[in-house]
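This report describes a two-chain model, beginning with the contact between the chains and continuing with each chain in turn. Please keep the sequence and the structure in view while reading.

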Amino acid sequence: MVFKNHLFFIMCGPKSILFLFVLLAFPLRGQKFELIAPKKSGITFENTLRETPKENIITYEYFYNGGGVAAGDLNNDGLTDLIFTSNQDQSRIYLNTGQLQFEEITARTGINNQNGWKTGIALADVNNDGWLDIYISHSGNYSKNNRRNKLYINQKDLTFKEEAKKYGIDDFGYTSQAAFFDYDKDGDLDLFVLNHNTKLFRNFDAAYAKTQQDDDAGDRLYENTGNGFVDVTLKAGILSNPIGYGLGVVVTDTNNDGWPDFYVSNDYVEEDYLYINNQDGTFSNLLKEQMSCISNFSMGVDAGDINNDGLLDLITLDMLPQDNKRQKLLYAPDNFELYNNMVDNGFHHQSMRNMLQLNNGNGTFSDIGQLAGISSTDWSWAPLLADFNNDGLIDLYITNGYGRDMINRDVMKFYIDERVKFIEGNSDKKMFEALQGIQSTPLQNYFYLNKGNLTFEDKTQEAGFQGTDFSHGAIYSDLDNDGDLEIVVNCMNAPAKVFKNLSRETASASNYIRVKLTQENKNIFAIGSKITVFTSGGEKLVRELTPTHGFQSSVLEPLHFGLGNQKVDSLQIQWNDRTVQTLKEGLPFNGFIEVQKESTRLAKRETSKPLFSVQYDTINQPHKELLVNDFKVQPLLPYMISYHGPKIKKVDLNQDGLDDLFFTSSEGQAPALLLQKTDGTFVKSDQPHLEASSYYEDTNAAFFDADGDGDLDLYVVSGGYGAPDAGIALEDRFYTNANGVFTPSETLPKDTQVGSVAVPWDFDQDGDLDLFVGTRVKQSEFPKGAPSLILSNDGQGNFRQIKIPYFDRVTDALLADFDGDQIKELLVLGDWTHPKIFGFRNRAFVDLTETFFSENLSGWWNTVKSDDIDGDGDLDLVMGNWGTNNQFKPSAEQPMELFYGDFDNNGYIDPIWCYYIKGVSYPFVLKDELTDQIVSLRKKFVTYESYSDMTLEEILPEPQVKNSPKCSTDFLETTWFENKNGKFTRRKLPIEANISSVHAISIHDYDQDGNKDIFLAGNVPYNRVRIGRRETSFGVYLSGDGKGNFTYLPNWKTDLAVHGSVRALEIIQAKEQQKLVVGINNSKPIIITVKNE
Amino acid sequence: MSKVVRKTFLLFLFALFFQSHLSFGQRSKSKAYIADLKAITDIMVYDVTSPVAAARYYAYSTLASYEILTLQENEKYPSFFAIFQRPLKDPLPQRVQLKNEAAAYRYALLFSASKLLPSGKKLIPRIESLKQELEEKEMLFIEQMAQTVIEYANQDGFLQLNNLKRYTPKRGPAFWQPTKPAYMAPVEPNWNSLTPFFLKSADQFLTKPPVQYDLNPASDFYKLLLEVKEVTDENDEEKNEIAAFWDCNPYAISQIGHLEFGLKKISPGGHWMGIAGIAALKARLNLNKTIFTHTLLALVLHDAFIACWDEKYRSDRVRPETVINRHLDKRWNPLLQTPPFPEYVSGHSVVSSASAEILTLIFGPNFSFRDTTEKEFGLKTRSYKSFNQAAEEACISRLYGGIHYRDAIDEGVEQGKKVASFIIAKTKAHFPY
């Protein structure tokens, strides 16, 4: 039942402010949308697509991209009207007559938009008369003159006159969409036209094409001179090359400087563009500097502040399906050569999935799409970020679907070849006929509610979006003026859909305010303004007035703010000329307010002082990675074992009170010992024996007095995985300290494992220091466990090797007295295993894990630090894990499993990694990857279809799976453990701790408030292509209150940020202060001086 | 007419009829065997079998049929196992007297291929129809033989290939780089770890090293490079036709927007097996000799590919298109799609010259034939005066196609001839050439 439950009052305030008041809000349960039947709404529009030999996906690249929608009040009656583009037929205009009923008025508007191929619609009052004009983009397999964009100027009587040429914006490019915005702040609206090519360039050609300029395919920027538009593309620094396959554009102020920036999403190999406004009529594309990885086949884009921190975040859509079957059918196998070719040719790191780029406020973004849970929505077009349930948080709606499953692997490998050989005729005809046989898969749209805390929940079913279709352009709009946002979707070969939002009718705490801005003379609707609502609960809600959103669509109507159960305290408008106007009184609750521009006060630049004054220096001891590819050694590895350095050991060797530093190194580079001078700089110690050890790959090191002569000796752990035939290079080294020169010992027992860590430990309490050496794995045998070592010291630095089989895949270890009995215990971490604690009692190793841990959390643990975090006198733990910003989401009920038998009996371990997708555990590996490794399966799985829904039990004979050794993982969170009387209890860290994998931890009272804070860093530069680059963390600062509670402070607040893949964090003692040293893979270490401000 | 005379006359008539029938029967039997091989070729095309793997499949499936033949006609056709480098460990199955030898040989061929090929089960209808012509114990015997051969094949290192480190493109201008459009990983970088049939080792017939990479316009390499570019730019119709005819790319990738698909053709080995079939039918070889010819050719193809692949990953030379795109013309494309593996030596040259040696030995030096193998791929039939003429054309086609430098062709021809001559010398005492 739908209630008509609002009464409108119009009040004229002293400031000529219009109030629309809603007196009654009927709180009911749930959040629902209702699909309004075309008969009822009057919207019978359908984007009918006819494939012909002349017009099809072969003759026009973007044949299946669909049409757009625009929502705006064309007759200024307070009701938002709708426009739909049809690719091949007449675009249609619908007049809103109230009550969600529409009248089709195309014929009488005088808009003749029948000819050509129509794509996006942009709205703006181009001629500054207070009436909305319409700009329709054209593309398609047409001649230049037949794809000129159209500008329909509003004649104020629901008729329009086409005047694109007159205004100078009858652009003939292959246009997807356009955006009007005032980039030069001269008061009138300029225009960005987003174009694409219809020819395809692949990587190699693309590198060349990137340097070219192309009139048909290149993007264009037009400046409004007040007397028509002029092309300023090149002058303004806008790229206009032939490989920009532009599919989305959104204008947003990403750096909060009051000047509009904009983001362009590009399909295929060309990366997206992030144009930062230089405030002088030019832009700088800072995408590579600000985002570590982006969507590969980027489609629609939108901007919105998803965490109410006042910073505008960005979402880009891609093609990754959510379910296993479609992933297996559509995904190309990992091709490292192709990927490297892309990067080598100057393109950015890109992965095929939706990305939610969280704005860190310091000129960086972190893709948290997987953590947020919105990364996989199949072949997707329009993302709409808006508050659909009026709770004050921005939600997400996504349209999707592609005309034919062109990238189905069976189509590629079998179907086309067979059809083309069979069909007679010329190649165009053959291809067209072959095309007719490719399957179409309609998809369900996605609707996500923002749960706060950076996560979204899929509410597609509950909200009423279960229907399937091919949907493209879409927009939100409060079509019935009831205070919640309807959704309108342009569908292919199906009627357009209007979903009525029932939030106001059914949801409790569904309050809102709508704000309309007007100003005089130019840009009457104040496009480019930003409104901030400060709520009674202290929330800060930011919305920008920018018409172009999502995909080929736009909306221009009063800005909508959901308020939850809060009220508006005040409302701040930053007008497009950067003046600021604040309203505190007369603000409606559940109503509409029109604000006329009054202010002439220029916005004061918010210069919030960062917490610290941070000084960055580098240490001239760059880490040089060999750039190996472990997947060439063991193709089914889930991730690489290499890229583990540099580790940094601090040690005051010359006992001058200043910490010196030891850096481990990769193969091809010698480890280095750097001595600190009193001025805080470092000088390399002359160590000929270390210098001669560059053919080892160091994974870790330990300094300890092994021979009891009072100075520190050195043990270096060797490892490495991707380099061939490691053999001797895997042997660890022990160096005795001879008057400051580290001299290799001949007596060290040999080992050939890939080691990971060395911990000096007088395990037998005989007074000398023995050594625990952790083993990660044996080369080529991941994940099979291999024994770690105890090197028992005779007191003279001669070691006896004892193999201890208690730990698998050791990544880190730590020795401490956790229970206060004055005897130290050894904590050992690994991946695909839970942390273990061992002691040595009565001449035997004792497993104390259960004494200390009440739950066995099997993770991909990387690193651990111990300290008294909550100030209760005992040692707590912080453990770095892989994080939750990924596809895998394991739990105790649905763990990831790694089966590692020799399934084809060729004497070689094949690790098969399985994880749950929608309740069923499937192998990660694709058909070709698996059958390339287990040759016998080539016969079983010839087609991709035959493999696409197989579980491991169906792939391999049952006994093989049953008897296969396996390990599992149920927990990927980085977390801390509180020591409560010798028992470790898991405590959650803020969710930001999980945006990437953590490989280095620093526990330190950074802000000098007497409480320990935590700084986490990590990232993984190289992964399986499907997983992609994981460099989303710029260092996570967690401020501690001394009681075990931590607050995340973003990078811009602390001014603390580190780029790259961090492998070591050490606080060191310099002359008068402490500094943070950061070891970064394949980069120079940095040394950070943190001062309190 | 006396009884005796009448009887003799009838006998004569009968003998006449029987003789012609026999020769008709022999031809149809050979034809059926060749048709089975074509069915196997079709499956390899369907499965997108790499050229090297295709040669191996041909070798072991024809070997299975030959080894049945050997047990029937040991005098004339002795077992190959006696002269292979690698001895057969398992005993051969106990010989069973065959009633329908032709059906038995075909059964062995198809049965072993069905076990070896990924989509081998597509051969089942053919196998089923043969079953009506064979007795239970005959089939059992043939299947045991096929199994013995497959077991022997399984010991050649093929199953261990995936234990070996995969190839990573080396850094440096002279080394092979993945090529457009798909930038595929190179095919079978460890193929030289397989045991050859006859060769003592993969590197027994080392080629000369390739002409050294040098971009100095006066250098030999630069001249070779320019030659490739000029031939393609010349766009001569005859040369283009030759290049296309001998393309033999099992999987040329086509990309139209998001639509990417492979267009499939027979491999170089498949092409030469096809020529052997054409020649066998033209020369009216009896079934035994037909089987022998195809088996020997397949074995030689496999060894030739091992030798060639050994050199490919030793010299690891860059393809012409990579160098031309880098230094001469960013937009240049070869006429043919560059196959995904290093350039030196030309595989087609090695196997074509080796094949021509073998076929010349069997059919003679002036054996003319019409090559119809590429007809199904929309290419015109070509006629040749001899196998050598066909091979020469096949070799030079790689230059016309823009995918090989001339020295890779010349040296490939040399290597192919050496491999074939060695095998001929080694087998001469055993076989009826």
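## Contact between the chains

The contact draws 35 residues from chain A and 31 residues from chain B. The model in which this contact is seen is a predicted one. On the side of chain A that touches chain B, at least two residues each come from α4 (203–209), α7 (336–344), α9 (409–422), α15 (927–933) and α16 (937–940) of chain A. Of that side, the largest share belongs to α9(A), which supplies 6 residues. By residue class, the side of chain A that touches chain B consists of 18 nonpolar, 7 polar and 10 charged residues.

## The two chains as a whole

Chain A contains 20 helices and 76 strands. Its radius of gyration is 31 Å, close to the 31 Å that the globule rule gives for 1093 residues, so chain A is as compact as a globular protein of that length. In chain B the secondary structure amounts to 13 helices and 4 strands.

| Property | Chain and value |
|---|---|
| Span of the C-alpha trace along the principal axes | Chain A: about 100 × 75 × 55 Å |
| Span of the C-alpha trace along the principal axes | Chain B: about 90 × 50 × 45 Å |
| Buried residues | Chain A: 57% of 1093 residues |
| Buried residues | Chain B: 50% of 433 residues |

Contacts can also be described by the distance in sequence that they bridge. Among the contacts in chain A with a separation of 6 or more, 61% are between residues 24 or more positions apart. The corresponding share in chain B is 81%.

## Nonpolar cores

The largest nonpolar core comprises 296 residues, and A:Val488 and A:Ala813 have the most contacts inside it. Leaving aside residues up to four places away in sequence, A:Val488 touches A:Val69, A:Ala71, A:Leu82, A:Ala474, A:Ile475, A:Ser477, A:Ala496 and A:Val498. Another core, of 114 residues, lies apart from it and includes B:Tyr152, B:Phe197, B:Trp246 and B:Cys395.

## Helix α8 of chain B

Helix α8 of chain B runs over residues 268–282. Among the buried residues are B:Pro268, B:Gly269, B:Gly270, B:His271, B:Trp272 and B:Met273. Further along α8(B), B:Ile275, B:Ala276, B:Gly277, B:Ala279 and B:Ala280 are buried as well. Just after the helix, B:Arg284 adopts a positive phi of about 50°.

## A loop residue of chain A

A:Lys604 is placed in the loop that lies between β43 (591–596) and β44 (612–618) of chain A. This residue has 7 other C-beta atoms within 10 Å. Because a residue with 12 or fewer such neighbours counts as exposed, A:Lys604 is exposed. A:Lys604 and A:Asp1009 are 405 residues apart along the chain, and their C-alpha atoms are separated by 31 Å.

Notes: Residues are numbered from 1 along each chain as its sequence is written. Chains are lettered from A and ligands numbered from 1 in the order in which they are written. This is a predicted model: local features need pLDDT of at least 70, side-chain atom pairs count only at pLDDT 80 or more; totals for chains, interfaces and linings use all residues. Two residues are in contact if their C-beta atoms, placed from the backbone, lie within 7 Å. Ala, Val, Leu, Ile, Met, Phe, Trp, Tyr, Cys and Pro count as nonpolar, Asp, Glu, Lys and Arg as charged, and the others, Gly among them, as polar. The expected span of a helix is 1.5 Å times one less than its number of residues. A residue is buried if 20 or more other C-beta atoms lie within 10 Å of its own, exposed if 12 or fewer, and partly exposed in between; C-beta atoms are placed from the backbone. The radius of gyration is taken over C-alpha atoms; the globule rule is 2.2 Å times the number of residues to the power 0.38. A nonpolar core is a set of buried Ala, Val, Leu, Ile, Met, Phe, Trp, Tyr and Cys residues joined through C-beta atoms within 7 Å.
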